[in-house]
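Subject: Handing over a structure

Hello,

Please open it first and then read on.

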Amino acid sequence: MMARIPTLSAVRGRLKTAGVLASALVLAASLTACGGGGESATPAAQNSAGSAVDANAFPTTIEHKYGSTTITQEPKRVVTVGLTEQDALLALGVVPVGVTEWLGKFPGTIAPWATDKLGGAQLPEVLKDVDGPQYEKIAALKPDLIIALYSGLTKEQYDKLGQIGVPVVAQPKEYNDYGIPWQEATKKVGQAVGRATKANELVKGVEDKFAQVRKEHPEFEGKSALMASTYEGYFVYGSQDPRSRILQSLGFKLPADLDAAIGDKFGKSLSAERTDLLDRDALVWLIDTPAKAQEILGKDALYTGLKVAKEKREVFIENEGTYGSAVSFVTVLSLPYVIDRIVPQLTAAVDGDPKTEVKPAN
């Protein structure tokens, strides 16, 4: 199973039974009645210096796939059901009380590129997404806001989370599930916690870094590129996947018929007839181990016959490493980490010389 793709259970959104939710609501009510009891078991959201709430930030209303959600006051205990929103929260000086595990198996699901933003706060409670959100555990954390922007939350799951009795912000309707751009995710998180001004500043900082790369590497402009994996054959990421947007932000273009080939999903496994989509000026492979991937690719006559393979225009990024996790996270905190590593690799891939080695990056 390729961990860089949201789990099939997350995409399908299979739900826990209504009885589990009922237990969660009873538990939430009992915890509220107990007042301060059990507070030491879960971290409280902590705001770092320099991330003050904007004047007149609340009430605020956020539109999403299932309607709109109004937040009336500054949230103090935020839980993320989406898979990457903890980075935006931390960048804004807010430590969530609960986060949903996806990649890397990092302590508290806080990756190395984000740990310095904890500021000494307790690590969040780690939640799983196997058959949908863990309603009982979420309720036990006594949240005052639940965020699910980078998610495939279903309407039924959204409604059940809403029964916990706090605002729930689901994924936007303008994009495919798991398709929200990092800029919008950062800004919506900023709006939700009353720090829109800071969120805009953070977004501009990363966009400026991308602009500097484009200025320094005009050779990227207009070159075709693609991100793919050896998951279930050859899995390619579409234009609405945040990983693909990294390439576009660096100046590359995606195949013109990419979305027509994969439909309205964040990505899809190619049929043998569409292996031609892989033949790009640069091809970024997200794989479990380089040696295994190269063995698989080397045995495929269709692939080895492509120019991208013959001219060694491939970039191999190992999923299980911190770098691979950062590529898939695509957040305001992970992107600077990615840019510093992927730019030298892409530079080597598109230089026109098959003898140039695309060196691995840690």
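Accessible areas here come from the Shrake-Rupley method with a 1.4 Å probe, and for residues only the protein chains shown count as cover. On that basis the accessible surface of the protein comes to about 15,100 Å², with 51% of it belonging to carbon and sulfur atoms.

A word on the origin of the values: this is a predicted model, in which local features need pLDDT of at least 70 and side-chain atom pairs count only at pLDDT 80 or more, while totals for chains, interfaces and linings use all residues. Residues are numbered from 1 along each chain as its sequence is written, and side-chain values use heavy atoms, with hydrogens and water left out.

**Overall picture**

The protein has 14 helices and twelve strands; helices (H or I, at least four residues) and strands (E, at least two) are DSSP runs, numbered from the N terminus. Of its 362 residues, 53% are buried, meaning under 20% relative accessible area (1.4 Å probe, protein chains only). Taking contacts (heavy atoms within 4.5 Å) between residues at least 6 apart in sequence, 72% join residues at least 24 apart.

**Strands**

Two strands count as paired if DSSP finds at least two bridges between them. An open sheet of five strands runs in the order β5-β4-β3-β6-β7, with parallel pairing. Its edge strands, β5 (125-127) and β7 (168-169), each pair on one side only. Inside this sheet, β3 (78-80) and β4 (98-100) share two bridges, and T80 has V99 as its bridge partner in β4.

β1 (60-64) and β2 (67-71) are antiparallel, with five bridges. They form a hairpin with two residues between them, and I62 stands opposite T69.

**Cores and helix α8**

A nonpolar core is a set of buried Ala, Val, Leu, Ile, Met, Phe, Trp, Tyr and Cys residues joined through side-chain atoms within 4.5 Å. The largest one has 74 residues, and W113, M227, L250, F252, I342 and L346 have the most contacts inside it. Helix α14 gives the largest share, nine residues. Beyond its neighbours within four places in sequence, L346 touches F220, L247, L250, F252, A282, V284 and V315. Another core, of 21 residues, lies apart and includes L254, W285, I287 and A309.

Finally, look at α8 (242-249), where seven of the eight residues are buried. Its buried residues pack against several elements, among them α7 (196-216), β11 (282-287) and α14 (334-349). Just after α8, G251 has a positive phi of about 115 degrees.

Enjoy exploring!

Conventions. Buried < 20%, exposed > 50% of the residue type's maximum accessible area, 1.4 Å probe, protein only.
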